[in-house]
Amino acid sequence: MSLDQRLEQLRGEIALVSPSEALARSRAGALLLDVREAEEIALGLPENAQAVSRGYLEMRIAELAPDPDQEILLLCAATTRSLLAADDLRQMGYYRLGAVQGGFNRWKDEGLPYTLPDTPDRDALQRYARQLVLPEMGASGQALLGKARVLLIGAGGLGSPSALYLAAAGIGTLGLVDHDRVDRSNLHRQVLHRDDRVGMAKTESARLTLEALNPSIRVQTHRARLDSGNVESIFADYDIVVDGSDNFPTRYLVNDACIKLGLTNVYGAVQGFEGQVSVFPAGGRPCYRCLFAEPPPPEHAPSCNEAGVIGVVPGIIGLLQALEVIKLVTGIGETLAGRLLLFDGRTTRLREVRLGADPECRYCAAGMQFPGYIDYAHFCADGARESESNAPGPDPR
Amino acid sequence: MIRIELPAALQPLADGQAGLEVTGNTVGEALQDLGRKHPLLLSRILTRGGQLRPHVNLFVNEQDVRAERGLDTPLRAGDTLLVVPSVAGG
């Protein structure tokens with residue numbers, strides 16, 4: 001049978017629906033599927049339509065229309081692919097099928113509403129192909145990643161895996177703050193860096209790695225030690241902060257600045273074979289201080305340098321942080337807000353506890369005025385219990 | 001019996017054990033029982049004044065005791081008390 005003969009036959013078997021009728025029916029609950037290719041969708045997507053290329057139609061239809069009684073209207077550029085697609089769905093058991101007569105060309109001519117979706121360019125279509133095809137992600141999720149501005153605190157053990165995967169996923173603007181240089185003892189876990197970059201600024205080494213991995217994103221480096229004097233100007237250009245720092249003063253500073261500026265703080269910390277991850281939402285409740293009101297006295301808290309860490313553990317925790325970022329940006333799934341995840345690498349055990357907001361948190365409790373930045377070094381150096389109330393205002397350093 | 005689970009950093013203070021069995025009807029009682037055998041470990045969890053240290057969290061069956069009744073939070077046989085201190089490594 002020739003194509004023309006087959007189409008002629010299908011026209012007798014599949015209901016043909018005018019564009020305005022299709023719009024009305026889709027508003028009443030019919031599923032309108034646009035089966036054109038991505039570069040055609042870029043020219044416009046009918047209101048209420050979901051884009052699903054014909055090549056993936058059979059694979060995705062069960063998720064788009066779990067109910068076989070669902071009415072499904074198919075649309076292409078004219079009325080050829082839509083009829084063939086309807087025939088495919090008919091063979092899969094759907095029976096309330098229609099093809100939109102004249103397709104998107106007529107839809108547009110009749111002045112019916114459509115949107116210009118954010119469509120990935122050719123490079124992006126190839127680069128992100130395997131995540132674009134995920135129904136939860138799609139072109140719209142990818143566009144959100146492209147618009148996202150994410151700042152990583154530290155290009156170290158946690159920042160390395162986060163940065164690599166966030167760059168690879170297409171986070172449009174990726175910032176890194178680090179004051180340090182690459183040391184050979186970093187390389188067992190800080191996989192952004194390389195042996196031939198020992199001595200190079202970590203921010204520069206990170207930039208080289210990330211731009212080589214994905215030249216289509218913007219990498220912004222801030223070679224500085226974060227302090228209360230520079231934190232707001234650095235944070236100003238970002239929406240999400242990923243705390244991969246290696247010390248308590250920075251963690252409290254990051255928390256306080258995130259509360260003040262209304263930024264989400266994706267928290268991760270490791271020691272030895274163990275790690276912790278959570279998300280502190282914009283505005284807190286809970287925030288890092290709700291979880292740990294004060295740092296431990298130094299004698300209770302060995303640093304990574306003293307205590308040691310197995311490189312894979314920050315790898316795992318940093319990747320969980322990256323996953324939280326992707327979910328926060330795209331709205332996919334459920335984040336760790338209000339939950340703390342605890343990982344023990346020695347038993348490969350992951351457990352979860354619930355985190356509540358401290359109703360008396362001085363930084364994020366309801367109605368609380370921002371109390372100001374503090375002397376973080378002092379706060380953490382001696383576990384000074386009253387340093388906050390004694391030393392409000394900017395850090396003097 | 002109540003099971004207390006410790007992070008690696010505190011295990012050397014409990015003869016290397018990751019978990020210990022104690023008795024008590026409240027979180028505070030369970031900790032005091034722990035402290036009889038391992039006083040140094042207890043001092044890492046409670047201040048000298050007997051308050052929960054601000055950098056330590058205790059979870060009973062995944063609930064933060066600070067959101068319950070603190071050290072007075074009741075325990076039942078079979079409960080697990082998880083000790084989660086602050087760590088900063090990155």
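**Note on the predicted two-chain model**

1. Val198(A) is found in the loop between β9 and α11 of chain A; helices here are DSSP runs of H or I with at least four residues and strands are runs of E with at least two, numbered from the N terminus. With 15 C-beta neighbours inside 10 Å, Val198(A) counts as partly exposed, because a residue is buried if 20 or more other C-beta atoms lie within 10 Å of its own, exposed if 12 or fewer, and partly exposed in between, with C-beta atoms placed from the backbone. Not counting residues up to four places away in sequence, Val198(A) touches Val182(A), Asp183(A) and Arg184(A), where contact requires C-beta atoms, placed from the backbone, within 7 Å. Val198(A) and Gly157(A) are 41 residues apart in sequence, and their C-alpha atoms are 15 Å apart in space.

2. Residues are numbered from 1 along each chain as its sequence is written, and chains are lettered from A and ligands numbered from 1 in the order in which they are written.

3. On confidence, pLDDT is the predictor's confidence in each residue, from 0 to 100. Chain A has a mean pLDDT of 92, with 94% of its residues at 70 or more. Within chain A, the pLDDT is below 50 over residues 383-397, a stretch that has 32 contacts in the model beyond near neighbours in sequence. For chain B the mean pLDDT is 96, and 100% of its residues reach 70 or more. The model scores are ipTM 0.95 and pTM 0.81.

4. Chain A contains 18 helices and 15 strands. Its C-alpha trace spans about 85 × 50 × 40 Å along the principal axes. Of its 397 residues, 44% count as buried. Among the contacts in chain A with a separation of 6 or more, 67% come from residues 24 or more positions apart.

5. The largest nonpolar core has 96 residues, and those with the most contacts inside it are Val150(A), Ala163(A), Ile240(A), Val241(A) and Val325(A). Such a core is a set of buried Ala, Val, Leu, Ile, Met, Phe, Trp, Tyr and Cys residues joined through C-beta atoms within 7 Å. Helix α16 of chain A (residues 312-330) gives the most to this core, with ten residues. Leaving aside neighbours within four places in sequence, the contacts of Ala163(A) include Leu152(A), Leu174(A), Leu192(A) and Leu210(A). A second, separate core of 30 residues includes Leu73(A), Leu83(A), Leu89(A) and Trp107(A).

6. Strands β9 (residues 173-177) and β10 (residues 218-222) of chain A run parallel and are joined by five bridges; two strands pair if DSSP finds at least two bridges between them. Gly175(A) has Gln220(A) in β10(A) as its bridge partner. From β9(A) the chain crosses through helix α11 (residues 202-213) of chain A to β10(A), and this β-α-β crossover is right-handed, that is, with the strands pointing away from the viewer, the path from the first strand over the helix to the second runs clockwise.

7. In chain B, five strands form an open sheet of mixed pairing in the order β2-β1-β5-β3-β4. The edge strands are β2 (19-22) and β4 of chain B, each of which pairs on one side only. β3(B) and β4(B) pair in the antiparallel sense over two bridges, and Val60(B) has Gln63(B) in β4(B) as its bridge partner.

8. The contact between the chains takes 36 residues from chain A and 20 residues from chain B. On the chain B side, β3 (56-60), β4 (63-64) and β5 (80-85) each supply at least two residues, and β5(B) gives the largest share, three residues. By class, this side of chain B has eleven nonpolar, six polar and three charged residues; Ala, Val, Leu, Ile, Met, Phe, Trp, Tyr, Cys and Pro count as nonpolar, Asp, Glu, Lys and Arg as charged, and the others, Gly among them, as polar.

9. The peptide bond from Arg285(A) to Pro286(A) is cis, with omega near 5°, and Pro286(A) is in the loop between β13 (274-280) and α14 (288-291) of chain A. Asn48(A), in the loop between β3 (45-46) and β4 (49-51) of chain A, has a positive phi near 75°. Asn61(B), in the loop between β3 and β4 of chain B, has a positive phi near 45°.

Methods: This is a predicted model: local features need pLDDT of at least 70, side-chain atom pairs count only at pLDDT 80 or more; totals for chains, interfaces and linings use all residues. Two residues are in contact if their C-beta atoms, placed from the backbone, lie within 7 Å.
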